[in-house]
Amino acid sequence: MLLIQSAKRATWNLYNPMTDNVLNVQFKLPKKRFCGFAKGWLIAMNMNLVVTLINPFYRVKGKKKREDSIINLPPQDRNYGNFLHEQVIAAFVIKPTISVDPILNPNNCIVVAIYEGRGILAFIRLNKDTTWTYVDESLSFIQDVVHVEDKFYVVEEGGTLFSFDIISQCISNKQLVAQGIESDEVQKTYLVVLNDKELLMVLRYITFKDRCRVTTKVEIFELNFDKYEWVEKNTLGDVALFLGDNFSIFVVASNFSGCRPNCIYFDHDYERIERGYDKKPLHRDFGVYDIERQSFSQPYTSDANTLMEKTMQPPYWVGVPTFLL
């Protein structure tokens, strides 16, 4: 579902795009910029570069909040960023993820973040590290990061894929897993984990018109772990993907009323390229891509579109526990 900020800045709603309704539940969340979601936890950052793990489902409005629903990590190091103005500071962490739930398995929880405009990596191990470790620029311009089994996987624009381990305050066993897909078009590249062991890559081709960004084409590839190569997929069958740079996930469409199989739901996520608009850009690049028909449609009603355009922060995909449904 989409987590959408309400007119009251600290209050957020859950919107179901498959059934077009807002759930009768609200969340009281700190005033921070959310940049990731994994294992049921939102990952946020403030203007002091303090990264925070927040479990919104421990903080439902009107219910008793659990004390462990917020975990503050040490701040990122400003010396690693190129800070020209506050907008750059606010977007210092582009996409973070975690390896395991920090409450259920705190001693094995690792937070990995893509930071700043060059797409470089940093990580910290809960209960072990007091500062962030910054990976050298041999891994840079990273667009997405996921954790599969015991490894982290990172992908550059176009699909060049690397894997590595973290067992100390440095990465180890770094490997080139697959070469990218050559293209002259502008892409956003996403990784989606299936069944905790399979890996999909989605290439989202975009263009810019006036004050708007527009998605023009979508391609899907599956990683062949034996041959170390991406293999294009022409169908997802009964699967639907929900795509965003804060969080991407697959679902079996037949398990959810209104969910469209063989489709990709995507939102208007973070834009790293400064376009120099004369006016504030319009964040309207969201929709549903039908893989079989190779066509786009708008998933939201006009009321839902109005709600999202009034928010100060963009909406975020989150996986919702069944007790809220």
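**Strands, partners and burial**

In strand E2, the residue that forms a bridge with Leu2 is Tyr15. The model is a predicted one, in which local features need pLDDT of at least 70 and side-chain atom pairs count only at pLDDT 80 or more, while totals for chains, interfaces and linings use all residues. Residues are numbered from 1 along each chain as its sequence is written, and side-chain values use heavy atoms, with hydrogens and water left out.

The bridge at Leu2 belongs to the antiparallel pairing of strand E1 (residues 2-5) with E2, which runs over four bridges; strands here are DSSP runs of E with at least two residues, numbered from the N terminus, and two of them pair if DSSP finds at least two bridges between them. Five residues lie between E1 and E2, and the two strands form a hairpin. On the other pairing, E2 joins strand E3 (residues 21-28), again in the antiparallel sense, over five bridges, and there Tyr15 has Val22 as its bridge partner. E2 and E3 likewise form a hairpin, with four residues between them, and Asp20 in this turn has a positive phi of about 55 degrees.

E2 itself (residues 11-16) is mostly covered, with six of its six residues buried, where buried means under 20% relative accessible area, exposed over 50%, and partly exposed in between, for a 1.4 Å probe and protein chains only. In a regular strand the side chains alternate between the two faces of the sheet.

The side chain of Gln143 reaches the backbone nitrogen of Thr189 at 2.7 Å.

A further sheet is open and has five strands in the order E21-E20-E22-E23-E24, with mixed pairing. Strand E21 (249-252) and strand E24 (295-297) are at its edges, and each has a single partner strand, so one side of each is left without a neighbour in the sheet. From one strand to the next, the twist averages 25 degrees, with axes taken as lines fitted to C-alpha atoms and angles running from 0 to 180 degrees between N-to-C directions. Within this order, strand E20 (residues 239-243) pairs with strand E22 (residues 263-266) in the parallel sense over four bridges, and Ala240 stands opposite Cys263 in E22.

Methods: Polar contact = N/O pair within 3.5 Å; in protein donor to acceptor, adjacent residues only side chain to side chain.
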